[in-house]
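Trainee: Hi, can we go through this one together? I'd like to start with what the words mean.

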Amino acid sequence: MTNAPFVSADAIRAMFSGAMSDMYKSEVPQYAALSELVADINREALAKDPELAMRLKQAGDLDRLGVERHGAIRVGTPEELSTIRRLFAVMGMAPVGYYDLSTAGVPVHSTAFRPVGDEALRRNPFRIFASLLRLDLIDDSELRREAAAILARRNIFTLRCLELLAMFEGRGGLDEAQAREFASEAVATFRWRNEATVPAEVYYNLRKAHPLIADVVCFKGPHINHLTLQALDIDAVQLAMSTRNMNPKAIIEGPPRRKRAILLRQTSFKALPEPIVLKGADGSIEAGAHSARFGEVEQRGVALTAKGRALYDHLLAAANDSVRAASEGSNGAAYAEELRRQFEAFPDDETALRDEELAFFRYSPTADGLRHAGAPSLPREMAGLVQAGYVRIDPIIYEDFLPVSAAGIFQSNLGDAGQRNFAAGANREAFEAALGIAVLDELELYAEAEARSRAASFKALGLDAEPERQGATGQ
Ligand code: OOG
Ligand code: NI
């Protein structure tokens with residue numbers, strides 16, 4: 001046995017996401033084309049906006065511009081979810097947030113496995129949106145039993161992947177060679193396998209119950225269903241996809257375009273039909289087509305407090321109530337206009353976002369501030385420090401997902417056949433029981449990051465701790 005040093009979780013995550021990206025680009029050539037398109041548009045955006053280019057460079061983000069921000073998978077059983085959770089723990093990714101998608105007609109609930117520290121996010125921002133199928137939402141009990149029996153027969157992990165996982169948990173780490181092997185074995189879990197595990201009749205029955213059920217149940221593994229690139233100008237990407245016949249979804253999900261970006265905007269090209277092989281019990285073979293895999297882009301803005309989020313949810317619901325976007329795109333422009341109109345009620349300058357406690361910000365001492373550290377003339381409260389130019393304020397970027405947007409992404413890739421009404425609501429308890437641990441609360445993470453940055457600024461300037469603030473978390 002060697003005594004090579006352990007590799008960091010951030011490094012293993014980078015190995016994994018790099019291998020995943022290579023695999024997906026070769027499996028889905030249109031995703032490789034999207035990635036080139038986004039790189040071109042990002043280059044143009046940087047050329048047009050030198051200030052943005054400088055900011056990204058200073059933050060060390062320029063090199064990682066082309067690195068995927070997230071991917072998504074869907075698993076079928078509690079056991080699969082809990083092993084997935086252990087797998088992502090090796091890569092420094094913890095489950096954050098609970099997303100109930102049943103309210104939007106999609107029979108899954110989900111979490112996002114992601115790095116939680118600022119530094120870890122900077123090193124490699126990759127996260128996985130992971131959904132667990134809710135068989136309890138299928139009405140037909142016979143179909144439910146059949147789906148459960150099919151899922152119970154499969155093992156989605158390679159033997160070596162499970163061995164390396166146990167080794168990591170036993171020893172607390174992996175050396176370089178083991179980490180590389182682990183990343184490649186882990187990626188194999190998510191590769192595309194075109195032979196369905198069921199005969200055509202079963203596949204079509206499940207697909208009729210809900211296209212998502214067929215996607216999760218009928219294959220050997222939870223194929224990665226999309227990867228997502230960061231776009232500096234998502235509107236330009238949306239436009240370019242339509243002029244290049246890449247079949248984009250009808251609308252960009254999330255808030256409208258604004259001066260001060262909030263939360264998350266997303267769009268994708270729609271899932272492509274791909275050939276599959278369905279084997280009958282008698283050995284007969286039937287060809288079919290299955291649509292599951294697509295490519296996505298995202299653009300992120302500032303994280304909102306509970307108060308800001310409530311306003312966002314309210315305005316989004318109002319827009320959705322008055323113009324429902326059709327998945328074929330016929331009223332995309334009307335929807336975008338209504339969204340823009342509704343969001344006039346959401347303040348669009350940084351001072352208002354802060355003063356009204358709608359968003360989270362990161363505070364840091366400036367060079368000038370540090371030169372004055374410990375000086376008796378220093379203001380004792382934050383507002384004064386900011387005004388004097390001793391502390392600067394930057395938005396804390398939203399690192400999570402949005403349930404309404406996620407449902408929109410699911411649906412545009414399933415067609416209108418993907419819309420159902422489910423009576424049962426959220427079941428976070430069942431989800432966490434399957435996961436094996438509780439999910440982290442994203443609002444708490446942002447509030448802590450903001451509070452930490454304020455405390456660190458005070459400390460760096462040689463000041464006593466800041467007095468307790470009223471309503472500091474915006475709750
Ligand atoms: C996940 C859809 C959600 C996002 O970016 O909101 C998602 C899926 O289709 O499995 O990835
Ligand atoms: Ni996504």
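Mentor: "Buried" means under 20% relative accessible area, "exposed" means over 50%, and "partly exposed" is in between, using a 1.4 Å probe and protein chains only. Helices (H or I, at least four residues) and strands (E, at least two) are DSSP runs, numbered from the N terminus. This is a predicted model, where local features need pLDDT of at least 70 and side-chain atom pairs count only at pLDDT 80 or more, while totals for chains, interfaces and linings use all residues. Residues are numbered from 1 along each chain as its sequence is written, chains are lettered from A and ligands numbered from 1 in the order in which they are written, and side-chain values use heavy atoms, with hydrogens and water left out.

Trainee: OK, which residues are buried in helix H11?

Mentor: In H11 (residues 234-243), they are Ile-234, Val-237, Gln-238, Ala-240 and Met-241. Seen down the axis, they fall within an arc of 165 degrees, so they line one face of the helix. That arc is taken from the directions from the helix axis to the C-beta atoms.

Trainee: And what's on the other side of H11?

Mentor: Leu-239 and Thr-243 are there, and they are exposed.

Trainee: What covers the buried residues of H11?

Mentor: The cover includes helix H2 (29-48), S6 and S7. Contact here means heavy atoms within 4.5 Å.

Trainee: Switching topic: what's the strand order in the open sheet?

Mentor: The seven strands go S2-S3-S4-S1-S5-S7-S6, with mixed pairing. Two strands pair if DSSP finds at least two bridges between them.

Trainee: Which strands stand at the edges?

Mentor: Strand S2 (94-100) and strand S6 (264-279) do; each has a single partner strand, so one side of each is left without a neighbour in the sheet.

Trainee: How many bridges join S3 to S4?

Mentor: Six, between S3 (residues 108-114) and S4 (residues 127-133), and the two run antiparallel. One bridge pair is Ala-112 with Phe-129 in S4.

Trainee: Where do His-226 and Glu-296 sit?

Mentor: His-226 is in strand S5 (residues 226-230) and Glu-296 in strand S7 (residues 285-300), so the pair links distant parts of the chain, 70 residues apart. His-226 and Glu-296 are both buried.
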